[in-house]
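Visitor: Could you walk me through a few spots in this structure? I'm new to it.

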Amino acid sequence: MSPVGEGMPRQRRLVASKLRAPTWRGTLIARPQLLAALEGVLTRKLALIHGPAGFGKTTLATQWADQLRARRIGVAWLSLDVADNDLNRFLAYLLEAVRAFDGGVGSSLRGLIEANPDSSADYVLDTLLADLALQDGESVLFIDDWHLIHDAAVQSSVQHLLMHLPPNLHVVITSRTRGGVPLSRLRVHDLLVEIDSTALRFDLEESRTFLSQHEGISLSTEDQSSLWRTTEGWAAALHLASISLRASGNADGIAQWTAGAAANDIGEYLAENVVGRLPPEQVAFLCRTSILERMCGELCNAVTGAHDGVAQLEALESQELFLQPIGEERKWFRYHHLFARFLQRRLERDFPGETADLHRAAARWLSDQGQIVEAVDHALAAKDLKLAVDQIERHAIPLVATSWMSTLLNLVRKLPGTALLDRPRMQMAIAWADTLTHRPQEAEVALWHVERVASTLAAVERQRLLDEADVVRACMCAYGDRIDGIEPLVANCLDRPQDFTPLAVGVAANVLSYYHLHRQQFGKVDPLQLWARDYHERSEGLFPSVYGRCFLGLAQYRAGSTGQARATYGEAIDLATRSSGPQSNSARLASALLGQLLYEANELEASERLIAESRFLGFEGGVVDFYLATFITGARLALLHGQREEATSLLQEGQETAATLKLRRLGAMIAFERVRMRVLEGDLRGAESLLTDQLIDDDATQEVRIGLDLARARLLCARGRGADAVELVQAQLIACEASGWKSQEIRARIVLALAQDAAGLVAAAEQSLLRAIDDGMSRDLIRLFLDEGQPLIAILERVRDKARRRPVGSEGLLEFNSAAQRVLVTSRDSREGAACFGAAPIRPAELFTARQTEVLRHLAQRRSNKEIARLLDVSVDTIKWYLKNIFIKLGVTHREQAIAEMARLQLLKEPE
């Protein structure tokens, strides 16, 4: 139902050059003392390298990064620019950067940032830190040009990262300033290595080596000393000087300009000496391309109007004219910052009036390449608001359709508020983005502008806009878990699909499927989704197709076709995985529902993996049914491992989500699950308190009403009021049978059996339970029975004993068949079930499955993830998943703590 896509389309791919350290031609000056100082960060958290421009901060960081790679220590690199003052953009690049440690680290969280732009930062950082703690060995993250960041939210995120780094991760930051990082706290605890401008300056000997070996300049000892004093060991200034001297060939005149150059003007002074000796056409090329943060030959051609951009860049690189390649492929370049600023001033002086046109040309080329963020920045630099708006409008719907809502909304924020008011298609895209990020009020404002402008248009276009606005409102209803009024909102779009985009039609079909699903009209979903499949496939985004399959699977599951539902969820996961990878948000949406289904089939390990993955979706994406699968199934799995605090925390998280997003059904169903837990634990007063707080409105859904009465019936049974519970459940059982929701009917019949048994209606209880078992086990819903614990098992054992004593051929009791026997056997063999429902506490070693115990043994032998994966013939990601669960059970955060805790608990000690 959501037009959110998970792919990473070519046109919106992250700029890869920001994720690679700069490359340098020739041999760098060895700086052993500084490199030795950096080694200290491997026992600390942060190394801060700070100093003015051109002091070799990035060069030093690059040298150490190369040394770390040679020692097989993990290295990740992130170069910052001004555009990274947006938290979501920064986090997206951070997540992409750390994938250098392991391709799977952080990749799962990218879609969450886009789908939840205002609320995912803390969750993203905490989850990322937890994943990084599972990495083998030491890793170092380099963050270059930190001084460009002034946004408080971005600074706060890095501070949070630094204060919670796992012991195996370290950070190196290069910056022109010392701001934005918690230096005092780190210094007090000896967690900081600091290298400042004084340390970065070349001493006299290093300057001589630099000039003679690196730059190939031969100077007298006196001139070397003079140049070193003038530049004060500033590497960039020495480089500029060497270029000037090579260009002039007049080393004897060095004293003339060093004597007159102030230290703060040295960069511009030397650049003047270099540029002044270049051919005019090359100077013009330099000036006109100086507006570009990064450049390739094609972009240079677009800006300059020439056709020799590649050749010009090659010539500049060969002349070492402050041009730095970005990446090993040497296609993209950037100018030295000092040189670029000089050229920009020269551009204004020598080519007045051209700057705006150059920015416009850059904006159009970048927009055509899909680099919309940079394109808009250039349009705004040209002060061409119309161009910026046109570009955003051109990309707006594709951005939404491929789940880049955050990018779209951040672009919109760059514009004056009045710039978009009369652009109905733009306002429609904003409404979609706001709806899909749970901002209904903002979405309504955008739709108001759509309708305002539509009133001035021709009838056909006006009606089309109004009808699409209704589809957005229908989607808004579904995200708010409301179905009243959905049908008329999508009717026009579905009646005239040829008049609308495939995206709008696909979403309309999904919203109507949601409507049918919650009206218990399960049979209507399949033909509707079959009809909509062509529109899903023609839509630019992936999510409508995955969402449609998820709704179809839900309808099949509720109608009792659990095998079909499993296949449909698997199809949705396969579709998302092929398009976006197994850790994409689209795959995880379907994973939540399949994880719930596998849990009910008692396939616990597979369910646990899928449910754990689905939690990466965040808490402001999707509709209530996905939340229910994640929170409630996740809590039950935690209980099976004896992790009551984890289960309680999950349910509390769910209730907070429900309160924040005003999702009453979610809040009610989680409350009923908490009641079930309290009753099974014997906390009847707590259960009563939770039920008292549940005020059910007249418009509550049938699901909520049934859930409330089943929760009440459980409490009545526990208090010995079985007869009252029977009356309550019988009424709801009739409603369940009428709805066709089979799992609800089976659950109600189970609770009826428990109530009848508590009321002394023994035969009726046995009849009800065996009927439920016949129905439920044929659909592989075994946990519906196991989760009721000992009260249900007691009834079943009684039936079994009667069956054993019953004469052959006697009548009056349903057969104790293989399905009933399977429930008993599974219950007896399930150690996890005993942990959950009041049996004797499980010893620590029994918290782990056989497979987890194998992993524990290898972990105790300090084998790496890769070694364990090879020995157990599984993927490294699977081992990480096992370790994550092991760490949770042990209450630790990384390997060394786990090994120590295993030793303390004697987990692997053989029984005597």
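Guide: A903 has its place in helix α47 (residues 895–905), where helices are DSSP runs of H or I with at least four residues, numbered from the N terminus. This is a predicted model, in which local features need pLDDT of at least 70, side-chain atom pairs count only at pLDDT 80 or more, and totals for chains, interfaces and linings use all residues. Residues are numbered from 1 along each chain as its sequence is written, and side-chain values use heavy atoms, with hydrogens and water left out.

Visitor: Is A903 buried or exposed?

Guide: A903 is exposed, because its relative accessible area is 55% (exposed means over 50%, buried under 20%, partly exposed in between, with a 1.4 Å probe and protein chains only).

Visitor: And how far is A903 from A860?

Guide: Their C-alpha atoms are separated by 8.6 Å, although the two residues are 43 apart along the chain.

Visitor: Switching topic, where does R678 lie?

Guide: R678 lies in helix α34 (residues 664–681), and it counts as buried because its relative accessibility is 19%.

Visitor: Which residues is R678 in contact with, leaving aside neighbours within four places in sequence?

Guide: R678 is then in contact with R644, D683, G686, A687 and L690, contact meaning heavy atoms within 4.5 Å.

Visitor: What about α31 and α32, which residues of α31 make their contact?

Guide: Helix α31 (residues 604–614) and helix α32 (residues 624–640) have axes that come within 10 Å, and α31 contributes L604, S607, E608, I611 and S614 to the contact.

Definitions and conventions: Axes fitted to C-alpha atoms, helices over the stretch in contact; angles between N-to-C directions. Helix = DSSP H or I, 4+ residues; strand = E, 2+ residues; numbered from the N terminus.
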